[in-house]
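Subject: Structure handover

Hello,

Here is the structure you asked about. Please open it next to this email and follow along.

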Amino acid sequence: KKQDVLKFAEAYRRLKLDSCWGPIPNPEEFTTYNARTFLQPQLNKASSKAEIREKGDVNPKDFILFRQGTFNTEIVSKDNTGQREYVEEMVFTTLEFPS
């Protein structure tokens, strides 16, 4: 079973924690966008480019948690290129930025 990011946020707020994405993260702010290829084992889990959203892992996953009131988040950014840029819907990892 997968946990919804908003349920995760509820849980960390109950523990008096905050995150780099704030107390209520945007569920559409993906940090993971990858899928199994046809070159990997378990072909039944492989997806074509058109099926990435359906069969792949497309989620907001990368969180830094800290006690509420300890830090103020000023800038949060994402990078899936290795060049301090984020390209929407680009499958991760790549040869240039292997993770």
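A residue counts as buried under 20% relative accessible area, as exposed over 50%, and as partly exposed in between. Glutamate 29 has 28% relative accessibility, so it is partly exposed. Please keep in mind that this is a predicted model.

**Overall layout**

The protein chain has two helices and four strands. From the N terminus on, their order is α-β-β-α-β-β. The chain has 99 residues, and 25% of them count as buried. It exposes about 7700 Å², with carbon and sulfur atoms supplying 52% of that area. Take the contacts between residues at least 6 apart in sequence: 55% of these join residues at least 24 apart.

**Helix H1**

Which residues of H1 are buried? They are Val5, Ala9 and Tyr12. Viewed down the axis of H1, these buried residues fall within an arc of 70°, so they line one face of the helix. They pack against E1 and E4. Tyrosine 12 has a relative accessible area of 2%, which makes it buried.

**Aromatic pairs**

The structure holds four aromatic pairs. One of them joins tyrosine 12 and phenylalanine 63. Their ring centres are 6.3 Å apart and their planes stand at 55°, so this pair is tilted. Tyrosine 12 is in helix H1 (residues 5–14), while phenylalanine 63 is in the loop between strand E3 (57–59) and strand E4 (65–67). The pair therefore ties together parts that are 51 residues apart in sequence.

Another pair is formed by phenylalanine 66 and phenylalanine 71. Here the centres are 5.5 Å apart and the planes are at 90°, so the pair is edge-to-face. Are its two members buried or exposed? Phenylalanine 66 is buried, at 10% relative accessibility. Phenylalanine 71 is exposed, with a relative accessible area of 54%.

There is also a cluster: ring pairs link Phe8, Tyr12 and Phe63.

**Aspartate 18**

Aspartate 18 sits in strand E1 (residues 17–19). What does aspartate 18 touch, leaving out residues up to four places away in sequence? The list is Tyr12, Pro23, Ile64, Leu65, Phe66 and Gln68. Aspartate 18 and isoleucine 64 are 46 residues apart in sequence. In space they are 8.4 Å apart, C-alpha to C-alpha.

**Lysine 78**

Side chains of opposite charge can pair when their charged atoms come close. How many salt bridges does a search of the whole structure find? It finds one. Lysine 78 forms a salt bridge with glutamate 29, and the closest N and O atoms are 2.8 Å apart. Lysine 78 is in the segment after E4, and glutamate 29 is in the loop between E1 and strand E2 (32–34), so the pair ties together parts that are 49 residues apart in sequence.

Lysine 78 has 14% relative accessibility, so it counts as buried.

**Lysine 45**

Lysine 45 lies in the loop between E2 and helix H2 (52–55). At 42% relative accessibility, lysine 45 is partly exposed. Lysine 45 and alanine 35 are 10 residues apart in sequence and 8.5 Å apart in space, C-alpha to C-alpha.

**Two backbone angles to look at**

Most residues other than glycine have a negative phi. Where is phi positive in a residue other than glycine? Lysine 16 is one place, with phi near 65°. Lysine 16 is in the loop between H1 and E1, and it is exposed, with a relative accessible area of 56%.

Arginine 84 also has a positive phi, of about 60°. Arginine 84 is in the segment after E4. It counts as exposed, at 79% relative accessibility.

That is the handover.

Best wishes

Methods:
Residues numbered from 1 in each chain as written. Predicted model: local features only at pLDDT ≥ 70, side-chain atom pairs only at ≥ 80, totals over all residues. Heavy atoms only, no water. Phe/Tyr/Trp six-rings, centres within 6.5 Å; stacked < 30°, edge-to-face > 60°. Buried < 20%, exposed > 50% of the residue type's maximum accessible area, 1.4 Å probe, protein only. Contact = heavy atoms within 4.5 Å. Salt bridge = Lys/Arg side-chain N within 4 Å of Asp/Glu carboxyl O. Areas by Shrake-Rupley, 256 points an atom, 1.4 Å probe, with all protein chains shown as cover. Arc of directions from axis to C-beta.
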